[in-house]
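Colleague: Hi! Could you walk me through this one in simple words?

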Amino acid sequence: MADNIRIAVTPGDGIGPEVVGEAIRCLEALRAKHDLALEWTRFPWPSHAWHESNGESMPEDALEQLRAYDAILLGALGDPGPIDDKNRYLLPDSISLAPLLDMRKGFDQWVCERPARLLPGARQYLADERARDIDMLVIRENSEGEYVSQGGRLRKGTPDEIATQMEVFTRKATDRIIRYGFEQARLRAAERVKEGRTRSFRTLDGRTCESQVCLITKRNALRHWGDMYTEAFEEISQEFPDVAIHHELVDAACMKFVQCPWAFDVVVASNLQGDILTDLAAVLSGGMGVAPSCNLNPTDPNSPSMFEPTHGSAPDIAGQGLADPTAMLFTTARMLEWLGRKDPALAAAGKELHDAVAADLAESKGGQRNTREIGTAICDRIAS
């Protein structure tokens, strides 16, 4: 019998434990139904509570402990709430969110992948009916760039204080994230063909392709890494003549995400610019409450990838049982699909969970239900 796939569950802060609780219920239902070789362990860190008790967000050997797992399922980090408690233990974001960066870098989770597709029942924020056809994948370089934390503060607290923040871009990381974008464009086009859906994108020489990769930079102002990204993009695109290519400056991309998001397929961006664009894409696909997110290491099967919803800790409703677990459940489905590389039964379970959550979303049409009610409805679908 194959060894169990192991998941490290880190609920975190605020609504994190509440939405993760429903994810575990769904995992239990799937494991019982299909006899999945799956197990998980809960960790009380990283979290505000752990920091309050131990003076740190997670133990010194946290990464060493997590490395023994196949995946990490994270709830949320940040203000634990409730916000009306002025005496609550509250850390600066630079401390409470630092474990995210530590895990991404420590496990070289160099891809942050966020799909944006407007599903039936999700809220449509754009009035244009064409917004129903939003179907993009935003791929963010997740290992370097603007978030390398290189720099410092000189003469801190004085009128002469100087803060420096360095950006670091390597050709290796640039090549691999751009090539990954093209590979995903091909895979997405193939999946659409299977589903009987087609899309059409024009190439620069007038041809028509079924997929597209759009590169995002700010090369007119940030010319050094912008030019390197552009050159790598042009070179790698030669390997994928069946994929249309496009380039946007990040400010123009923000406008076009709102004006015509249906025109995008796969979007590749740097760490900071991708961070902003993925949140915008999440809103276009129905809001943070339905948007999944993945931090992946596609090149090292022995290094855990991390799965977290796009929303934060929602301190305004923490502890009230009101949080919508939909984004957490879509994220859990993507985790199972990712783990399906090692066990195809998990991929099938991931699709089953995704379809159950999507069906529940379509039926409920965004109606008000509490956290437990949504989880129960989806577990019932799995059991039926």
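Colleague: Which strands does helix α8 lie across?

Modeller: Helix α8 (residues 250–259) lies across β5, β10, β11 and β12 (266–269). It runs at about 105 degrees to β11. Axes here are lines fitted to C-alpha atoms, for helices over the stretch in contact, and angles run from 0 to 180 degrees between N-to-C directions. Helices (H or I, at least four residues) and strands (E, at least two) are DSSP runs, numbered from the N terminus.

Colleague: Before we go on, where do the coordinates come from?

Modeller: This is a predicted model, so local features need pLDDT of at least 70 and side-chain atom pairs count only at pLDDT 80 or more, while totals for chains, interfaces and linings use all residues. Residues are numbered from 1 along each chain as its sequence is written, and side-chain values use heavy atoms, with hydrogens and water left out.

Colleague: Thanks! What is the strand order in the sheet?

Modeller: The order is β2-β1-β3-β14-β13-β4-β5-β12-β10-β11, an open sheet of 10 strands with mixed pairing. Two strands pair if DSSP finds at least two bridges between them.

Colleague: And which strands stand at the edges?

Modeller: β2 and β11 (244–249) do; each has a single partner strand, so one side of each is left without a neighbour in the sheet. On average, neighbouring strands of this sheet are turned by 20 degrees against each other, direction ignored.

Colleague: How many bridges join β3 to β14?

Modeller: There are 3 bridges between β3 and β14 (residues 305–307), and these strands run parallel. Leu73 stands opposite Phe307 in β14.

Colleague: What does helix α7 touch in the sheet?

Modeller: Helix α7 (residues 223–237) packs on the sheet and touches β5 (135–141), β10 (212–217) and β11. Contact means heavy atoms within 4.5 Å. The direction of α7 makes about 165 degrees with that of β10.

Colleague: New topic: which residues touch the most other members in the largest nonpolar core?

Modeller: Ile7, Leu38, Ile178, Leu353 and Ile378 do, out of 67 residues in that core. Helix α10 (residues 326–339) gives the most to this core, with 8 residues. A nonpolar core is a set of buried Ala, Val, Leu, Ile, Met, Phe, Trp, Tyr and Cys residues joined through side-chain atoms within 4.5 Å. Buried means under 20% relative accessible area, exposed over 50%, and partly exposed in between (1.4 Å probe, protein chains only).

Colleague: What does Ile7 touch?

Modeller: Leaving out residues up to four places away in sequence, its contacts include Leu27, Leu38, Trp40, Leu73 and Met335.

Colleague: Now the loops. Is Asp35 buried or exposed?

Modeller: Asp35 is exposed, with a relative accessible area of 61%. Its place is in the loop between α1 (16–34) and β2. Phi of Asp35 is near 55 degrees, a positive value in a residue other than glycine.

Colleague: And where is Thr203, and what does its side chain reach?

Modeller: Thr203 is in the loop between β8 (201–202) and β9 (208–209). The side chain of Thr203 reaches the backbone nitrogen of Arg207 at 2.8 Å. Thr203 counts as buried, at 11% relative accessibility.

Note on methods
Polar contact = N/O pair within 3.5 Å; in protein donor to acceptor, adjacent residues only side chain to side chain.
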